[in-house]
Amino acid sequence: MRHLILTAALMFPMVAFAAGTSDDSPPEPTKTTKVCKDGKIWDEKTKSCADAKESRLDDDTRYAAVRELAYAGKYSEALHVLAAMSDQGESRVLTYYGFTHRKAGRADLGMQYYDAALKADPDNLLARSYMGQGLVAAGDIEAAKLQLAEIEARGGKSSWPETALRKAIKTGRTYSY
């Protein structure tokens, strides 16, 4: 089953919507943000907060926690969880680092992570969207439009990354998830 999901994700990168999920809405708060502290993640199996580095937690659980923590504005906790990811050079991990740093006010560092994510996977539509949104926030609309064109050229028309960046260019408002 995991192999089938991985194969689909590689064949259809545009299905990665908001922060790597199939959901284009903000994350619902869970016990990770309601109960856990210091970058710990709620573990449903043990019904307790667990350190993000616990071997029983998989990266998908960590990704969900990063998305939730970043949306809640808990950037240092999100970075703690990111540091526990199994492959620090994976494009999706680099995208999350970029997003978290950008939202924490370290836009230049965030852009460096987006660049690294795109070097690892030029078809990472989410990294392109978030990079473009960072460019919109910095007032560089022309560069943001170039990322939008890349998203469309790489099969992302009507995807969450394309829609989010298009709206950001039009309104000047970016997304936090």
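Gln133 lies in helix 7, which covers residues 125–137; helices (H or I, at least four residues) and strands (E, at least two) are DSSP runs, numbered from the N terminus. The model is predicted, so that local features need pLDDT of at least 70 and side-chain atom pairs count only at pLDDT 80 or more, while totals for chains, interfaces and linings use all residues. Residues are numbered from 1 along each chain as its sequence is written, and side-chain values use heavy atoms, with hydrogens and water left out.

- Gln133 counts as buried because its relative accessibility is 0%; buried means under 20% relative accessible area, exposed over 50%, and partly exposed in between (1.4 Å probe, protein chains only).
- Leaving aside neighbours within four places in sequence, Gln133 is in contact (heavy atoms within 4.5 Å) with Arg102, Trp160, Ala164, Leu165, Ala168, Thr174 and Tyr175.
- Ala138 lies in the loop between helix 7 and helix 8.
- With a relative accessible area of 64%, Ala138 is exposed.
- The C-alpha atom of Ala138 is separated by 8.6 Å from that of Ala107, and the two residues are 31 residues apart along the chain.

**Helix 5 with helix 7**

- The axes of helix 5 and helix 7 come within 10 Å and cross at roughly 20 degrees; axes are lines fitted to C-alpha atoms, for helices over the stretch in contact, and angles run from 0 to 180 degrees between N-to-C directions.
- This angle makes helix 5 roughly parallel to helix 7; angles under 35 degrees count as roughly parallel, over 145 as roughly antiparallel, 65 to 115 as roughly perpendicular and the rest as oblique.
- The crossing of helix 5 and helix 7 is left-handed, a term used if the near helix is turned anticlockwise from the far one by less than a right angle, with right-handed used if clockwise.
- From helix 5, Thr95, Phe99 and Arg102 meet Leu126, Ala127, Tyr130, Gln133 and Gly134 of helix 7.
- The contact of helix 5 with helix 7 has four nonpolar, three polar and one charged residues; Ala, Val, Leu, Ile, Met, Phe, Trp, Tyr, Cys and Pro count as nonpolar, Asp, Glu, Lys and Arg as charged, and the others, Gly among them, as polar.

**Helix 3 with helix 5**

- Helix 3 (residues 59–71) packs against helix 5 (residues 91–103) at an angle of about 15 degrees, with axes 11 Å apart.
- Helix 3 is therefore roughly parallel to helix 5.
- The residues that meet are Asp60, Tyr63, Val66, Arg67 and Ala70 in helix 3 and Arg92, Val93, Tyr96, Phe99 and Thr100 in helix 5.
- By class, the contact of helix 3 with helix 5 comprises six nonpolar, one polar and three charged residues.

**Helix 8 with helix 9**

- Helix 8 (residues 141–153) and helix 9 (residues 160–171) have axes 10 Å apart and pack at an angle of about 160 degrees.
- Helix 8 is therefore roughly antiparallel to helix 9.
- The crossing of helix 8 and helix 9 is left-handed.
- The contact of helix 8 with helix 9 divides into seven nonpolar, one polar and four charged residues.

**Overall architecture**

- The secondary structure of the protein comes to nine helices and two strands, in the order α-α-β-β-α-α-α-α-α-α-α along the sequence.
- The protein has 177 residues, of which 42% count as buried.
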